[in-house]
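Hello,

Here is the structure I promised to pass on. My notes follow below it.

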Amino acid sequence: MGVIEVQSNGVGLVIEGLGSIAIASATTYPTTANLRFGSSNFCTVRGLTISGGNYNIVLFNTNAVSIENNNFTSYTVRCIDASGFNFFSKVRFNFIAGGADTSDHAVCFNGSPIGTTIEGNTVTGAKVWSFTLQGGAQNFKIINNVSQFSRREAITVIGTGGTISGNILNFDNTHVDLGSSFATMTNTIISNNIFTLPSSPAILFGSGCSSNIVSGNTMVAPPRRVITGAVNNGSGLIRLTVSTAGLQTGDAPIFVNNVGGVPNANGSWTVTFIDATHLDLQGSTFAGLYTGGGYIGDQNWASVALYGDASNNTISGNTTFNFNASAEFYAKEFGTNATNRIFNNVGDPPNDRPVFTVSATSMIEDPIGTTVAKLPTNARNGSRIFVTDGLVGSSPVTGGSAGTWAMRLNNAWRASP
Amino acid sequence: MDFNSRVEAAAASISGAVNYLRTAGYYAYGDGGDALYARTTATTPGGFQSADGAWWRIALSGPANILAFGAVPGDTTKAAINQTAFTDAFGASASVLAPVGTFHVQSIAPPSTARRLQLDADLVRVEPIADRWALSRFNPTGLAL
């Protein structure tokens, strides 16, 4: 039941004004929403301040409902929740804040929403997900939104035929999560978004993603901390000297890379904070003599990760910082990935690679600022790679000069002359 | 013919020559519930029967203001009255105005023909009477103190 309960309205009820709707206690009214629309068409909620309750607005079997220019200040479970069949919904220019610890979504559409537009909203402090379309969304737009400080994915979609563009996503975890283990994500354009500080891939494709375009995004992972020393802490553990600790005791996993002379340091650790420039690696065993190098990354991800059978995707023109690769495929060697194109992405040296692992026919062209191209031995014949700054990697093809090509032929990488 | 309030008009015996009357409030003059009424033949949403037995319907030239239908702001005990006011207002017009003020309600259900709710009011979900004291600490914005 809603404080305002709109049922079977077919003439386009408009609710707007300078007022507010509040529910005193979500505990007292667990099934009460501030506004609920059932089997209604062309309705609009505009300009209100809405607070309290488990749900602020609930849609069930609606057509062309618009929720716009509202100020949502608190909710316990979901701010906007849509289930059943909802067509051509518009959630635009709202300010959504104040999710509770028990909240799971700020905006959530279930049940195969079609033609959903989520535009120009600001979501701050969503405790789990900011924008979610699931159950097979079709022909959606998620554009020009801001999401910050959510604990999980800023955008989660299972569906096809969408645009995710122009969003600014800050301080979230996995930023864009597309598809799932049992659903596909196809024909969607993800472009011109800005991601900062994700602690996992900025864009994560689930199983069965195809014909998507990931282009023109800026993706920034947490900055690496430079390691300048590795010694025995006196108890046999490895103690790192770092540019700035910036971590707390118990933080994990912390990825340590490229430490010279103390190979045991490289790997995933839980850390103990010593002081502003020293960290101990719990459970480590010191051995060797530090010779230089090394960095700590809060994560060890590609900017774009693709699970399962990924085919015909294009990942191009993105700018990434502090990731380990422009794209990462997890389909294993028997996966059926085919003809993904990864080109013209701008990484940051020295550790970013144009591609982490590839298990299929892939074309990788013109990565900029990446000197390492790890060529997977399980890539299919016909895959090719072109690295502006040369090829270095664990494959048979190493150390090429600028502008080197390699192609996978007869189950081996062949360098260009 | 003018009256201080709808309550006063309902208590009056009005000449059969009068076909319309004006009130300056619902419960008392100046309470915001002023309205124009026209003589009719039966009960209508928001209308009333005067002491002489005549029926009067509210004559609207714009949105139906819930104050003219008996809504009472700022009183946690008036949720039922406020809901009746909303129901009657939507019964009289597809366009309803809830003016500035805090109105306690349980659930408002606009009819399928409703076209507009101008909500300048602050609506606060009120619990059953027995539990209403929990709301007494709410400020006009509806946010918990």
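Glu119(A) sits in strand 14 (residues 117–119) of chain A; strands are DSSP runs of E, at least two residues, numbered from the N terminus. Beyond neighbours within four places in sequence, Glu119(A) contacts (heavy atoms within 4.5 Å) Val91(A), Arg92(A), Phe93(A), Ile143(A) and Asn145(A).

The model is predicted: local features need pLDDT of at least 70, side-chain atom pairs pLDDT 80 or more, while totals for chains, interfaces and linings use all residues. Residues are numbered from 1 along each chain as its sequence is written, chains are lettered from A and ligands numbered from 1 in the order written, and side-chain values use heavy atoms, without hydrogens or water.

Now the interface. 28 residues of chain B contact 29 residues of chain A. Arg115(B), Leu119(B) and Arg125(B) supply 26% of the area that chain B buries against chain A, more than any other three residues. Buried area is the accessible area (1.4 Å probe) that two parts lose on being put together, summed over both. The two chains share one salt bridge. Arg116(B) pairs with Glu16(A) in a salt bridge, closest N and O atoms 2.4 Å apart.

Best wishes

Definitions and conventions. Helices (H or I, at least four residues) and strands (E, at least two) are DSSP runs, numbered from the N terminus. A salt bridge is a side-chain nitrogen of Lys or Arg within 4 Å of a carboxyl oxygen of Asp or Glu.
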